Amino acid sequence: MPVTRRTLIATVPPALMASWGSGARAAADPRMAVRAAGNPNAKVHVEEWFSLTCTHCARFAMEVFPEVRSKLIDTGKVYYVFRDFPLDQVALAAAMVARSLPPERYEPFVLSLLSSQDRWAFARDVNPQDELQKMAALAGMPAELFRKTLADDTLRQAIMDEENRAQAQYKIEGTPTFRFNDTVQVGQEMTYDEFAQKVASLA
């Protein structure tokens, strides 16, 4: 079973926890703008809450999402929204970096991180932050911006505010969690057929 966000909360400084209540700054930060793929006018909107260190999210990204992308998103049937739900500090740092890249680089970077978790997040004798910086550099992020991003408490708080909102509003605890047209919620990994059936039932 995937870990829950309690892993993250347990390691967040109390000063940050005290300031999680404000979402105004998140709304004003362009880095917190919606990251999505497909046509916003599609009949079916799907939101995925995911963590960049979630192995279930990685498997979905590698084995199912390419087919979702080609058959449902690229064909105009689905508008797909990526929602951060970091389960630990490593995932939170990665989400901060992803959101600090130009929007068009967000999806490729996220999919790259998910497909290479075993090399940058979980490999023995490696520093995940160092490996994350290498991947960020490949995505075009200068070292100075990388350091500033990881030290940006405003961005860190904004991501956590959104995670808190999702947990309070939708009772999300683990990843991946999918919501279809803001009505049907699935809190587990899905096969392509299962995913496509949900879309068909709402189209």
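Visitor: Starting with β3, how many of its residues are buried?
Guide: Seven of its seven, so β3 counts as mostly covered. Buried means under 20% relative accessible area, exposed means over 50%, and partly exposed lies in between (1.4 Å probe, protein chains only). Strands here are DSSP runs of E with at least two residues, helices are runs of H or I with at least four, and both are numbered from the N terminus.

Visitor: What sort of model is it, and how are residues numbered?
Guide: It is a predicted model, with local features needing pLDDT of at least 70 and side-chain atom pairs counting only at pLDDT 80 or more, while totals for chains, interfaces and linings use all residues. Residues are numbered from 1 along each chain as its sequence is written, and side-chain values use heavy atoms, with hydrogens and water left out.

Visitor: Back to β3. Which residues sit on which side?
Guide: Val78, Tyr80, Phe82 and Asp84 are on one side. Tyr79, Val81 and Arg83 are on the other. Both faces are covered, and all of these residues are buried.

Visitor: Why do the side chains alternate?
Guide: In a regular strand, side chains alternate between the two faces of the sheet.

Visitor: What is the strand order in the sheet?
Guide: β1-β3-β2-β4-β5, in an open sheet of five strands with mixed pairing. Two strands pair if DSSP finds at least two bridges between them. The edge strands are β1 (35-37) and β5 (184-186), each pairing on one side only. The twist averages 20 degrees from one strand to the next.

Visitor: How many bridges join β2 to β3?
Guide: Seven, between residues 44-50 and residues 78-84, and the two strands run parallel. Val44 has Val78 as its bridge partner, and Phe50 has Asp84.

Visitor: And on the other pairings, which way do the strands run?
Guide: β1 and β3 are antiparallel, with three bridges. Ala36 stands opposite Val81 there. β2 and β4 are antiparallel too, with four bridges, and Val46 partners Phe180. β4 and β5 pair in the antiparallel sense over three bridges, with Arg179 opposite Gln185.

Visitor: Which residue in the β4 and β5 hairpin takes a positive phi?
Guide: Asn181, near 50 degrees. The hairpin has three residues between the strands.

Visitor: New topic. At what angle do α4 and α7 cross?
Guide: Roughly 115 degrees. The axes of α4 (residues 55-63) and α7 (residues 103-115) come within 8 Å. The crossing is left-handed: the near helix is turned anticlockwise from the far one by less than a right angle, whereas clockwise would be right-handed.

Visitor: Which residues meet?
Guide: Cys57, Ala58, Ala61 and Met62 in α4 meet Leu111, Leu114 and Ser115 in α7. By class, that contact has six nonpolar, one polar and no charged residues. Ala, Val, Leu, Ile, Met, Phe, Trp, Tyr, Cys and Pro count as nonpolar, Asp, Glu, Lys and Arg as charged, and the others, Gly among them, as polar. Contact means heavy atoms within 4.5 Å.

Visitor: Where does Thr53 lie?
Guide: In the loop between β2 and α4.

Visitor: Why does Thr53 count as buried?
Guide: Because its relative accessibility is 9%. The Thr53 side chain makes a polar contact with the side chain of Asp88, at 2.8 Å. A polar contact is a pair of N or O atoms within 3.5 Å; within protein, one must be able to donate a hydrogen and the other to accept it, and residues adjacent in sequence count only if both atoms are side-chain atoms. Beyond neighbours within four places in sequence, Thr53 is in contact with residues including Val90, Gln117 and Trp120.

Visitor: And Thr55, buried or partly exposed?
Guide: Partly exposed, with a relative accessible area of 43%. Thr55 lies in helix α4. Leaving aside neighbours within four places in sequence, Thr55 is in contact with Gln117 and Phe122.

Visitor: Last one: how many helices and strands does the protein chain have?
Guide: Twelve helices and five strands. Buried residues make up 48% of the 203 residues in the protein chain.

Methods
Axes fitted to C-alpha atoms, helices over the stretch in contact; angles between N-to-C directions.
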